[in-house]
Amino acid sequence: MLRLVEEIVLLLLRDDDGTFVRVPSWSRNYAIAGAVLMDLAMENRIDTDLENLILLDDTPTGDSLLDPTLADIAAGETQGARYWVERTAEHADAIQDEALSRLIEHGILERRDDRFLWVFKSRRYPMIDGRAEREVKLRIMGVLFSDDIPDPRDVTIICLAEACDIFKELLTGRELERAIPRIDQVRKLDLIGQAMSGAIRDIEVSVAASVAASIEGHVY
């Protein structure tokens with residue numbers, strides 16, 4: 001099974017040309033950071049309450065996508081989700097590069113002229129851990145446009161994608177308008193996802209305010 005961070009990277013890739021969808025770099029970084037933290041939560045290494053991100057178990061997972069962040073959390077003081085999203089986002093480029101390399105190794109992507117292209121046209125991943133997984137974009141669209149009960153993994157992906165405005169690039173305006181009530185419904189199914197989404201939104205509001213202040217300063 002792929003890690004959430006690998007699936008977030010796949011969600012960010014366009015099908016037609018293998019380039020990344022047009023979201024601000026900091027939104028992409030926060031989505032990747034949030035996915036790493038959510039992966040650690042699903043491995044029962046961390047949890048969150050209303051104020052803090054809590055270390056439950058500092059035993060390494062054996063996964064190089066996750067263990068550097070886990071070690072960082074274990075070595076640091078107790079902080080909120082926002083702090084760890086920001087800190088992990090500092091390493092988003094390296095995490096993304098490793099995720100892409102692993103997706104190529106799995107046979108899901110191939111690299112052509114600095115573009116990453118889907119290999120399997122059936123929209124399923126090749127066999128990993130004994131089973132084939134349905135491609136993340138099809139799964140997420142299936143959740144958004146049906147009343148099916150979503151898998152916990154897909155709930156967390158939807159939380160991150162919504163917080164980072166990824167759906168604006170994946171859906172048409174009409175599709176997004178139709179999907180918004182369903183997105184809001186799904187987001188309420190996961191408390192950790194809510195905490196991570198809230199942390200990302202807080203950061204984005206701060207970034208936007210800082211950018212606006214900088215522009216205003218230059219104007220005057």
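Predicted model: local features only at pLDDT ≥ 70, side-chain atom pairs only at ≥ 80, totals over all residues.
Arg102 and Glu98 sit four residues apart in helix H5 (residues 92–105), so about one helical turn separates them.

**Salt bridges**

- The count of salt bridges comes to 15.
- Arg3 counts as buried at 16% relative accessibility, while Glu43 is partly exposed at 28%.
- Asp72 and Arg87 form another salt bridge through their side chains, at 2.4 Å from N to O. Asp72 belongs to helix H3 (residues 67–75) and Arg87 to helix H4 (residues 81–89), so the bridge ties together parts that are 15 residues apart in sequence.
- Asp72 is partly exposed, with 22% relative accessibility, and Arg87 is partly exposed too, with 30%.

**Helix H2**

- H2 runs over residues 25–42, 18 residues in total, and spans 26 Å from its first C-alpha to its last, close to the 26 Å expected at 1.5 Å a residue.
- Most of this helix is covered, with 15 of its 18 residues buried.
- Just after H2 comes Asn44, which takes a positive phi of about 60 degrees.

- In soluble globular proteins, nonpolar side chains tend to be buried together.
- Here, the largest nonpolar core contains 62 residues, and those with the most contacts inside it are Leu10, Ile108, Leu109 and Phe167. H2 supplies the largest share of this core, with 10 residues.
- What does Leu109 touch, leaving aside its neighbours within four places in sequence? Its contacts are Leu10, Leu13, Leu100, Leu103, Ile104, Phe116, Leu117, Trp118 and Val119.

**Aromatic pairs**

- There are two aromatic pairs in the count. One of them joins Trp26 and Tyr30 in a tilted arrangement, 6.4 Å centre to centre and with 55 degrees between the planes.
- Trp26 and Tyr30 are both in helix H2, four residues apart, which is about one turn of the helix. Trp26 is partly exposed at 30% relative accessibility, but Tyr30 is buried at 9%.
- Tyr83 and Trp84 make an edge-to-face pair, 4.9 Å centre to centre, with 90 degrees between the planes. Buried or partly exposed: how does Tyr83 count? At 32% relative accessibility, Tyr83 is partly exposed, whereas Trp84 is buried at 2%.

**Cysteines**

- A disulfide is a covalent bond between the sulfur atoms of two cysteines.
- How many disulfides does the model contain? The count is zero.
- Cys159 is buried, with a relative accessible area of 1%, and Cys164 is buried as well, at 0% relative accessibility.

Terms used. Residues numbered from 1 in each chain as written. Heavy atoms only, no water. Helix = DSSP H or I, 4+ residues; strand = E, 2+ residues; numbered from the N terminus. Expected span 1.5 Å × (residues − 1). Buried < 20%, exposed > 50% of the residue type's maximum accessible area, 1.4 Å probe, protein only. Disulfide = S-S within 2.5 Å. Core = buried A, V, L, I, M, F, W, Y, C linked by side-chain atoms within 4.5 Å. Contact = heavy atoms within 4.5 Å. Salt bridge = Lys/Arg side-chain N within 4 Å of Asp/Glu carboxyl O. Phe/Tyr/Trp six-rings, centres within 6.5 Å; stacked < 30°, edge-to-face > 60°.
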